[in-house]
Amino acid sequence: MNLLFVSLGCDKNLVDSEYMIGMMADAGYQVIDDENEADVIIVNSCCFINDAKEESINTILELAELKKSGRLKALVVTGCLAQRYKEEIIEEIPEVDAILGTNSYEDIVHAVEEVLQGKTYQNLGTLDGLPKLTTKRSITTGGHYAYLKIAEGCDKHCTYCVIPSVRGYYRSVPMEELVKKAKELVKQGVRELILVAQETTLYGMDLYGEKMLHRLLDELNQIDGLYWIRIMYCYPEEIYDELIASIKRNEKVCHYLDIPIQHANSDVLRRMGRRTNKEDLIRIITNLRKEIPDITLRTTLICGFPGETKEQHEELMQFVNDMEFDRLGAFTYSPEEGTPAAEMEGQIPEEQKKEWQEEVMELEQEVIFDKNEEMKGQKLYAFIEGKIADENGVYVGRTYKDAPEVDGYIFVNSSQELMTGDFVRVEVTGAYEYDLIGEQL
């Protein structure tokens, strides 16, 4: 039977999707990309913010129309939206045949088989433990990089966030299991591992009684055939000395950290339920740049949190200007039902939130352009991601400074024929607003 798989949301969701695709392929299903030829469609959904929720709902509604033609035999919804809104999906979209939660997707083959026998299937499971995964993942990222999810859930309970309610408490994957999975991925051709979790910096606390991300990096660094290890989603207050030392000593670990800070005003941070204030952030960022001078720091910000004032927004702008983040994403605040922030007074109009977001991104664009200009003449390595159509000898690449999907690129001029996944040394010769230009050495 033909299977169409739609994966929405974050890279952590994508890891779950790749395991489900692997399980379905092992069960004999043919993975295709044409919805009109599909016998089975699985949607791994997201509901982190309102835009993601709307995208998931609209995707499911569009695919539900295919049930009416008779070709589609099974429509399955998994992931965060399914976990959070199971009853609403059942009531409003009767074409959905099966629902699986965020921690029960190991049952995907059984769920589809039940539907094909004329039954419905619902299993949200429990938000504890981890799925038992014995199948090989089907890598969907092009093959030369893959995400390694090192933990599930979150214990932070920020006032704007639904993740603890849909993903459960923090659960680390045992280190030996992660090393085994990493070696399997490298055997499949993966050269860059991107470590993800809702919060990577707390890895190991629940299993070993102490933070162990530095030890995990030591183990992964020994894997033959692996070129880069990239760390995402490091909560600033949890960055510790042993982790910094591990990044410095392990040559495969990219000097790159994604540190979501969300804001810079101490009062806004307190109402967000964050564990840092402005002084903490300045100290942490300053120390990272002192210890690792060539580190690339990425962050995310929320604009228009309830009660935020124009003065607090201007303080955030000044902070962005002073800290000069190498990479930055700004998002408008999304009130999520059931969260404390959604009930707070002083909700900001959408137009104001959007205006503040645009101001932050315009400022960051200037910061990044200046930093890119300073890169001219530097020599560094890049992964080739593809070739520019209709351009002779021009390729798209990523340096250690750029995570896939969220950061920029380097456009590499080369007299050689290059392939996706090639690892080449380049010299930076020019800069765009977000991207670099280089020549292969």
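Is Arg84 buried or exposed at 18% relative accessibility? Arg84 counts as buried at that value, where buried means under 20% relative accessible area, exposed means over 50%, and partly exposed lies in between (1.4 Å probe, protein chains only). This is a predicted model, in which local features need pLDDT of at least 70 and side-chain atom pairs count only at pLDDT 80 or more, while totals for chains, interfaces and linings use all residues. Residues are numbered from 1 along each chain as its sequence is written, and side-chain values use heavy atoms, with hydrogens and water left out.

**Surroundings of Arg84**

- Arg84 lies in helix α3 (residues 80–84); helices (H or I, at least four residues) and strands (E, at least two) are DSSP runs, numbered from the N terminus.
- The side chain of Arg84 makes a polar contact with the side chain of Tyr85, at 3.3 Å. A polar contact is a pair of N or O atoms within 3.5 Å; within protein, one must be able to donate a hydrogen and the other to accept it, and residues adjacent in sequence count only if both atoms are side-chain atoms.
- Once its neighbours within four places in sequence are left aside, Arg84 is in contact (heavy atoms within 4.5 Å) with Cys47, Lys53, Val162, Val166, Glu336 and Glu337.

**Aromatic rings**

- A search of the whole structure finds 11 aromatic pairs. Rings of Phe, Tyr and Trp (its six-membered ring) pair if their centres lie within 6.5 Å; planes under 30 degrees apart count as stacked, over 60 as edge-to-face and the rest as tilted.
- One of the pairs joins Tyr145 and Tyr147 edge-to-face, with 6.1 Å from centre to centre and 90 degrees between the planes. Tyr145 is buried, at 4% relative accessibility, and Tyr147 is buried too, at 6%.
- Tyr381 and Phe423 form a stacked pair, with 5.1 Å from centre to centre and 5 degrees between the planes. Tyr381 belongs to strand β15 (residues 379–387) and Phe423 to strand β18 (residues 423–431), so the pair ties together parts that are 42 residues apart in sequence.
- Tyr381 is partly exposed, with a relative accessible area of 40%, and Phe423 also counts as partly exposed, at 24%.
- Ring pairs link Tyr227, Trp228, Tyr381, Phe383 and Phe423 into a cluster.

**Charges over rings**

- Arg398 lies over the face of Tyr145, at 5.2 Å from the ring centre. A charge sits over a ring if NZ of Lys or CZ of Arg is within 6 Å of the ring centre and within 35 degrees of the ring normal.
- Arg425 lies over the face of Tyr381, at 5.2 Å from the ring centre.

**Nonpolar cores**

- The largest nonpolar core has 60 residues, of which Ile150, Leu216 and Leu257 touch the most other members. The largest share of this core, 6 residues, comes from helix α7 (residues 175–187).
- A nonpolar core is a set of buried Ala, Val, Leu, Ile, Met, Phe, Trp, Tyr and Cys residues joined through side-chain atoms within 4.5 Å.
- With its neighbours within four places in sequence left aside, Leu216 is in contact with Ile150, Met175, Leu178, Val179, Leu195 and Tyr203.

**Cysteines**

- A disulfide is a covalent bond between the sulfur atoms of two cysteines. The rule used here asks for a pair of cysteine sulfur atoms within 2.5 Å, and by this rule the count comes to 0 disulfides.
- Cys46 is in no disulfide, and its nearest cysteine sulfur, that of Cys80, is 5.8 Å away. Cys46 is buried, with a relative accessible area of 10%.
- For Cys80, the closest cysteine sulfur is in Cys47, at 5.2 Å, which is too far for a bond. Cys80 counts as buried, at 7% relative accessibility.

**Positive phi angles**

- Most residues other than glycine have a negative phi.
- His157 has a positive phi, near 55 degrees, and is a residue other than glycine. His157 is found in the loop between β8 (151–152) and α6 (163–167), and is exposed, with a relative accessible area of 54%.
- Asp390, which is not a glycine, has a positive phi of about 65 degrees. Asp390 lies in the loop between β15 and β16 (394–399) and counts as exposed, at 83% relative accessibility.
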